[in-house]
Amino acid sequence: MGNGPWLDDGEQKAWRSYLLMQRTLETHLERHLQRDFGLSKSDFEILVNLSESEHGRMRAHQLSRATQWEKSRLSHHLTRMEKRGLIRKEACESRYPEIVITEEGMAAIKECAPAHAARVREFFVDVFGAERFAMLGEVADEVVETIGKHCDTDCPLTS
């Protein structure tokens with residue numbers, strides 16, 4: 001790897017290719033969710049986290065950590081999802097309510113998740129192949145770990 005802060009031509013090309021791939025894939029997947037299921041990428045992320053949690057519920061601070069969203073963004077988005085019947089807020093012993101996936105929210109994630117997973121497989125997993133995909137997972141973990149070492153105490157990666 002290079003010695004200075006600047007990327008050499010090959011590194012720059014690889015970095016820009018990665019950025020283009022990430023944006024293109026994310027845009028494609030988001031359009032599919034919106035067009036075919038009426039869900040935004042943010043709706044999907046919240047529903048996935050809730051559907052995979054114990055009893056389909058999480059505290060807002062847990063959801064904030066899982067999504068790495070700021071408190072105000074999460075609050076506003078949860079309010080929109082609640083109005084659409086995808087989640088509800090339930091009072092609990094703490095002053096902050098628990099966020100609970102509704103039957104409608106569970107139905108929405110069950111309907112769209114298989115098609116979403118199929119697209120991720122077709123446009124990402126299968127392109128890599130098993131060996132390179134496993135390597136990507138290892139490298140991704142290392143990148144997140146390296147970033148975590150440089151975060152302060154408010155960094156969601158280290159919480």
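**Strand β3**

I began with strand β3, residues 98-101, in this predicted model. I asked which of its residues are buried on each side. Glu98 and Val100 are buried on one side, and Ile99 and Ile101 are buried on the other. Both faces of β3 are therefore covered, since buried means under 20% relative accessible area.

Next I looked up the partners of β3. Which order do the strands take in the sheet? I found three strands in an open sheet, in the order β1-β3-β2, with antiparallel pairing. The edge strands are β1 and β2, each of which pairs on one side only. I noted an average twist of 25° from one strand to the next.

I then went through the two pairings. Strand β1, residues 57-59, runs antiparallel to β3 and is joined to it by three bridges. In that pairing I located Met58 opposite Ile99 of β3. Strand β2, residues 87-90, is also antiparallel to β3, and four bridges join the two. Here I found Lys89 opposite Ile99, and Arg88 opposite Val100.

I moved on to helix α2. It lies across β1, β2 and β3, and runs at about 95° to β3.

How are α2 and α4 placed relative to one another? Two packed helices are described by the angle between their axes and the distance between the axes. For α2 (residues 41-52) and α4 (residues 71-83) I recorded an angle of about 90° and axes 11 Å apart. That makes α2 roughly perpendicular to α4, because angles of 65 to 115 degrees count as such.

I listed the residues that meet. From α2 they are Ser42, Asp43, Ile46 and Leu47, and from α4 they are Arg73, Leu74, His77, Leu78 and Met81. By type, the contact of α2 with α4 divides into five nonpolar, two polar and two charged residues.

**Leu136**

Is Leu136 buried, exposed or partly exposed? Its relative accessibility is 28%, so I put Leu136 down as partly exposed. Leaving aside residues up to four places away in sequence, I found Leu136 touching Phe124 and Phe128.

Key: Residues are numbered from 1 along each chain as its sequence is written. This is a predicted model: local features need pLDDT of at least 70, side-chain atom pairs count only at pLDDT 80 or more; totals for chains, interfaces and linings use all residues. Side-chain values use heavy atoms; hydrogens and water are left out. Buried means under 20% relative accessible area, exposed over 50%, partly exposed in between (1.4 Å probe, protein chains only). Contact means heavy atoms within 4.5 Å. Axes are lines fitted to C-alpha atoms, for helices over the stretch in contact, and angles run from 0 to 180 degrees between N-to-C directions. Angles under 35 degrees count as roughly parallel, over 145 as roughly antiparallel, 65 to 115 as roughly perpendicular and the rest as oblique. Ala, Val, Leu, Ile, Met, Phe, Trp, Tyr, Cys and Pro count as nonpolar, Asp, Glu, Lys and Arg as charged, and the others, Gly among them, as polar. Two strands pair if DSSP finds at least two bridges between them.
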